[in-house]
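Let's take a walk through a protein model together. Keep the sequence and the 3D view side by side as you read.

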Amino acid sequence: MTRPSLFVTRKLPPDVEARLARDYEASLNSGDVLPSRDGILSGAAGKDGLLVTVTDRIDADLIRALPPSVKIIATFSVGYDHIDIAAAKARGIAVTNTPDVLTDATAEIALLLMLGAARQATSAIATLRSGQWKNWAPTGMLGMELTGKRLGILGLGRIGRVTAHRARAFGMEVHYHNRRRLDPAQEAGATYHADIESLFRVSDVLSLHCASTPETRRIVNRATIALLPQNAIVVNTARGDIVDDEALIEALASGRLAAAGLDVFANEPNLDPRYLDLPNAFLLPHLGSATRETRNAMGFRALDNLDAFFAGRTPPDLLTA
Ligand code: DGY
């Protein structure tokens, strides 16, 4: 029996590649060289499907140029703003993602960012590592305690809810905004705000968990930052383009905001270099899902979707435009 053929754009964890090699005619990327647009198109030639990641821009033009053999694009990610789902649908190409399996890992990074930002970890670590730490000082390197602070969550979905749960263990009071109010079981005592303005006004720490869409792009901007309490903290584990970098950098530099914890950036990996000069910016290189457990689970989830598709079943994580 012939096995379905796949073009896999990035090197994946060994156990995931072993399953790929067992069940598919898979073209793997052992050198993990980032494929160019043309590289994706030539790799896709004659293939039944693509296994892509957030580093591949699968826009409408690329989808139109794909060979007719390609019937499915499985992304190794929960986010799918890098894929034009409507264009894929128009060409009859199925698209799947990997929800659920990276929820805990990403929520853990949100907490790390909150703590790192609140306790001024960037400047504290720099002080220590550069030999500038002279002695313990009653007034030195003071941060903000999370205990008793109000956490505003923009997007109380899977990751937002687990972040809220973890934050409650720190004694934080949870507030949120979604387009629709959740049922009480999902709210778990969080206070609903019908608009983002109301949420931002109470957010001592604002944590972003919404998808990047035309509605959310640059939703954190000069006007909305002005609504946050003085010395608030902004945390982003979602997507960089939700934030207007110009406005956030200005608010961090002026001291209007105490700090930011950022794991995602517009135009990754070429983040705005001004962030690197801000001692109150605690920065990570898009590590939300970067644990061994989660990256394996993401790969297996992508393969479950591909297996279902090629067996003639509806993939569990089929996306619709
Ligand atoms: C995702 O899955 O969307 C993350 O950004 C990468 O794991």
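This is a predicted model: local features need pLDDT of at least 70, side-chain atom pairs count only at pLDDT 80 or more; totals for chains, interfaces and linings use all residues.

Residues are numbered from 1 along each chain as its sequence is written, and side-chain values use heavy atoms, with hydrogens and water left out.

Start at the ligand. Around the ligand you will find S77, V78, G79, L102, R239, H286, S289 and M298, where being near means having a heavy atom within 4 Å. This shell is made up of three nonpolar, four polar and one charged residue; here Ala, Val, Leu, Ile, Met, Phe, Trp, Tyr, Cys and Pro count as nonpolar, Asp, Glu, Lys and Arg as charged, and the others, Gly among them, as polar.

Now look at the ligand's oxygen atoms. A polar side-chain atom of H286 lies 2.7 Å from one of them. R239 also brings a polar side-chain atom to 2.8 Å from a ligand oxygen, whereas V78 uses a backbone N or O atom, again at 2.8 Å from a ligand oxygen. The protein covers 91% of the 230 Å² of accessible area that the ligand has on its own (areas come from the Shrake-Rupley method with a 1.4 Å probe; for residues, only the protein chains shown count as cover).

Stay with R239 for a moment. Its side chain meets that of D81 in a salt bridge (2.9 Å, N to O), meaning that a side-chain nitrogen of Lys or Arg is within 4 Å of a carboxyl oxygen of Asp or Glu. D81 sits in the loop between β4 (72-75) and α4 (85-90) and R239 in the loop between β10 (232-236) and α11 (245-254), so the pair ties together parts that are 158 residues apart in sequence. Helices (H or I, at least four residues) and strands (E, at least two) are DSSP runs, numbered from the N terminus.

Is R239 buried or exposed? With 16% relative accessibility, R239 counts as buried, because buried means under 20% relative accessible area, exposed over 50%, and partly exposed in between (1.4 Å probe, protein chains only). D81, at 27%, is partly exposed.

A search of the whole structure finds 18 salt bridges. Another one joins the side chains of D304 and R19 (2.8 Å, N to O).

Finally, turn to the surface. L128, W133, W136 and M141 form a nonpolar patch there, with about 540 Å² of accessible area together. Patches are made of residues with over 30% relative accessible area and no salt bridge, joining like charges within 9 Å and nonpolar side chains (Val, Leu, Ile, Met, Phe, Trp, Tyr) within 5 Å. M141 is partly exposed at 47% relative accessible area.

How values were computed: A polar contact is a pair of N or O atoms within 3.5 Å; within protein, one must be able to donate a hydrogen and the other to accept it, and residues adjacent in sequence count only if both atoms are side-chain atoms.
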